Amino acid sequence: MRLGIDLGGTAIKSGMVDETGQVHFAETTSTNTASGREAVLDALTEACKSQLKHEDVPSIGIGIPGFVDVENGILVRSANLPLDDTPIAEILSKRLGKAVYLENDANCALAGEIFAGCGREASDFLMVTVGTGVGGGICLNKKIYRGVDGRAGEFGHMTVVMHGRPCPCTRIGCWEQYASVTALCRMTKEAADEFPDSLLAQNIRETGVVNGRTAFEAAKNGCATAGTVLEHYSENLAVGLNSLITIFRPERIVLAGAIFKEGLPFLQRIQKYCLEPQYLMLSTLNGQAGLIGAALLGATR
Ligand SMILES: [Zn+2]
């Protein structure tokens, strides 16, 4: 077994991964991002120690959102963690007495899918991850395609609307401005403002919360306004997916991210707007693709 860590801005997912890709002793702890650099490094150390009590392993792999210097084990830059220019591999290796490997989280998730998920039935496929933003990865002939500078597969930043919404990446009309969970929340709020008598608006007034589940919950209770939000959002997702299918003609596009816990009914909504719906599938790895791919890092270097 090997130890895999999926370090996110809010949570650290950890677990032991066996040679078949099964995850054992899965645990989720807080990243403590708000408490700063040392607190995050301590939380990371504790997550590893907690797992190492189960089994002594040769190496630890960590997937991190951001630009990672893979060779030297340094997190160069991250939008979500207070760890810019931190030699995480060296620090943790000293604390734990193990070899530690770092990699970008999207590449880890794709490696996890190649090893234990979609890759079991396809050698050429794409992964699209929908969350705060829209990320992705390209698997060609069972290998990660990285492009000339390692940044291939940033699907969320392809332009889908000319003169559309501005994106933090500095471009205009990027897909993630319409297809991320952040976009769904914005659409949900706008619809509630426009239809204040809808169940959707009532639910938001009562709970004071809008998140990626808000529209789904109201729609399940028969709210037509929420249903319309989900139709538009599903169509937004399909617009980008249709382009990806046209460009790559992949065997599969595997969809990942917590929003797909909505399952088959949501997939079918998206498929209605897809030219070739049979290409789409939901990840079968229960949000653990990143952790599984991270655990593999030591085995492949
Ligand atoms: Zn962008």
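## A walk through the model

In this predicted model, I62 is found in strand β4, which covers residues 59-64. Is I62 buried or exposed? I62 counts as buried, because its relative accessibility is 0%, and the cut-off for buried is under 20%. Setting aside residues up to four places away in sequence, I62 touches I5, L7, L44, I88, L92, V100, Y101, L102, E103, A294 and L297. For a distance to check in your viewer, take I62 and G133: they are 71 residues apart along the chain, and their C-alpha atoms are separated by 21 Å.

Strand β4 also holds S59. With a relative accessible area of 4%, S59 is buried. S59 touches R2, L3, A99, Y101 and G298, again not counting residues up to four places away in sequence.

Next comes helix α3, residues 105-116, where N107 lies. N107 counts as buried because its relative accessibility is 13%. Leaving aside neighbours within four places in sequence, N107 is in contact with I144 and R146.

Now for two residues in loops. N32 lies in the loop between β3 (23-30) and α1 (37-52), and D85 lies in the loop between β6 (74-77) and α2 (88-96). Phi of N32 is near 60 degrees, a positive value in a residue other than glycine. D85 is likewise a residue other than glycine with a positive phi, here near 55 degrees. N32 is partly exposed, at a relative accessible area of 35%, whereas D85 counts as exposed, at 57% relative accessibility.

Here are the accessibility values side by side:

| Residue | Relative accessibility | Class |
|---|---|---|
| I62 | 0% | buried |
| S59 | 4% | buried |
| N107 | 13% | buried |
| N32 | 35% | partly exposed |
| D85 | 57% | exposed |

On to the metal site. Which atoms coordinate the zinc ion? They are ND1 of H157 and the SG atoms of C167, C169 and C174, at 2.0 to 2.3 Å. The site is tetrahedral, with angles of 105 to 120 degrees among its 4 donor atoms. For reference, the ideal angle for four tetrahedral donors is 109.5 degrees. Along the chain, the donors of the zinc ion follow the spacing H-x9-C-x1-C-x4-C. H157 and C167 are 10 residues apart, and each is in the loop between β10 (143-145) and α4 (176-179). Both H157 and C167 are buried.

Finally, a look at two helices. Helix α5 spans residues 181-194 and helix α6 spans residues 199-207; the two pack at an angle of about 105 degrees, with their axes 8 Å apart. Why are α5 and α6 called roughly perpendicular? That class covers angles of 65 to 115 degrees, so α5 and α6, at about 105 degrees, are roughly perpendicular to each other. In α5, the residues T188, A191 and A192 meet L200, A201 and I204 of α6. By class, this contact of α5 with α6 has 5 nonpolar residues, 1 polar residue and no charged ones.

How values were computed
Residues numbered from 1 in each chain as written. Predicted model: local features only at pLDDT ≥ 70, side-chain atom pairs only at ≥ 80, totals over all residues. Heavy atoms only, no water. Axes fitted to C-alpha atoms, helices over the stretch in contact; angles between N-to-C directions. Helix = DSSP H or I, 4+ residues; strand = E, 2+ residues; numbered from the N terminus. Parallel < 35°, antiparallel > 145°, perpendicular 65-115°, else oblique. Contact = heavy atoms within 4.5 Å. Nonpolar A, V, L, I, M, F, W, Y, C, P; charged D, E, K, R; others polar. Buried < 20%, exposed > 50% of the residue type's maximum accessible area, 1.4 Å probe, protein only. Donors = N, O, S within 2.8 Å, 3.2 Å for Na, K, Ca; no water. Tetrahedral: all angles 85-135°; square planar, octahedral: opposite > 155°, others 65-115°.
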